[in-house]
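The sequence and structure are shown first.

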Amino acid sequence: MCYFIITCWSLLWTLSSIATLMVVVISVMSPQWLIGPSRKFGLNSQWENTTSDDSNEHFNPTVGIFNRCTRLHRFQEVYKRENCATFVTGFDMEDDFFPHAWKACLFFFSVAIIFLLFTCITSLLSMCFRSICGKSIFTVSGLIQSIAGLMNILGLFLYPAGWGARRLNLLCGDKASPFYIDRCSIGWSFYVCVFGTLMAFGCSMLSIKADLSTSSRKVEEEVLEGKNLICVI
């Protein structure tokens, strides 16, 4: 007989698992990991000081793990709309344009996202199934979420290791080097990814409470009463 069991802890865990996946995906896909210094078209050098107060002539280029945002221009005309696109054509690109550290970073984030997607599916299935391969579906999912969190930590550590590439020298300055971004600043995507990593570990701990809540005496009593839909607050 199939039972549909929902508790406050299991529902919170399911919603948190879905939110974690969304947060990590948004951060990895965003080109706002690094924000370059303000630039103005028409200068002989990108680092030349400007005295113009026309904000339409200035922009801040940004770069992510595999994509970037800038403004296209034609002669002295600057388009107001940003142009965002990937700069990656393959993993065989030279280190100066797609750092090896960023390749590894993208790999670890991709693995983490796959793991988090799997746990989103298992969290939904946990309402009907309480075990997977003979193990508690909550325990297995919580373990995988912890591994996903570790993958994110590796990715977050490897991203600054690629700051010495030629691409970053052009964006941030010649002094840019691993773990030093010179004139650039860290964008919101990096911090969102850190938050998503903490959420992954938080979900892992929530899975323990969800497991205990679905195995409580109150749930067992309602199962013995023959109920198929069990909601426990």
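## The disulfide of Cys69 and Cys84

Cys69 and Cys84 are joined by a disulfide, with 1.7 Å between their sulfur atoms. The model is a predicted one, and the distance is computed from its atoms. The torsion about the S-S bond of Cys69 and Cys84 is about 110°, so this disulfide is right-handed. Because Cys69 belongs to strand β6 (residues 67–70) and Cys84 to strand β9 (residues 83–86), the pair ties together parts that are 15 residues apart in sequence.

Cys69 has a relative accessible area of 3% and is buried, since the class requires a value under 20%. Cys84, at 45% relative accessibility, counts as partly exposed.

## The sheet around β6 and β9

Strands β6 and β9 run antiparallel and are joined by four bridges. Within this pairing, Asn67 stands opposite Thr86 in β9.

Both strands belong to an open sheet of five strands, in the order β9-β6-β5-β2-β12, with antiparallel pairing. β9 and β12 stand at the edges with a single partner strand each, so one side of each has no neighbour in the sheet.

## The disulfide of Cys172 and Cys184

The structure holds two disulfides. Besides the link already described, Cys172 and Cys184 form a disulfide, and their sulfur atoms lie 1.9 Å apart. The link of Cys172 and Cys184 is left-handed, with -95° about the S-S bond. This pair links distant parts of the chain: Cys172 is in helix α4 (residues 166–172), while Cys184 is in the loop between α4 and β12 (185–186), and the two are twelve residues apart.

Both Cys172 and Cys184 are buried. When the bonded cysteines of the protein chain are numbered in sequence order, the pairing reads 1-2, 3-4.

The cut-off applied to a disulfide is a pair of cysteine sulfur atoms within 2.5 Å. Cys105 is buried, with a relative accessible area of 0%.

Cys128 has a relative accessibility of 30% and counts as partly exposed.

Terms used:
Residues are numbered from 1 along each chain as its sequence is written. This is a predicted model: local features need pLDDT of at least 70, side-chain atom pairs count only at pLDDT 80 or more; totals for chains, interfaces and linings use all residues. Side-chain values use heavy atoms; hydrogens and water are left out. Buried means under 20% relative accessible area, exposed over 50%, partly exposed in between (1.4 Å probe, protein chains only). Two strands pair if DSSP finds at least two bridges between them.
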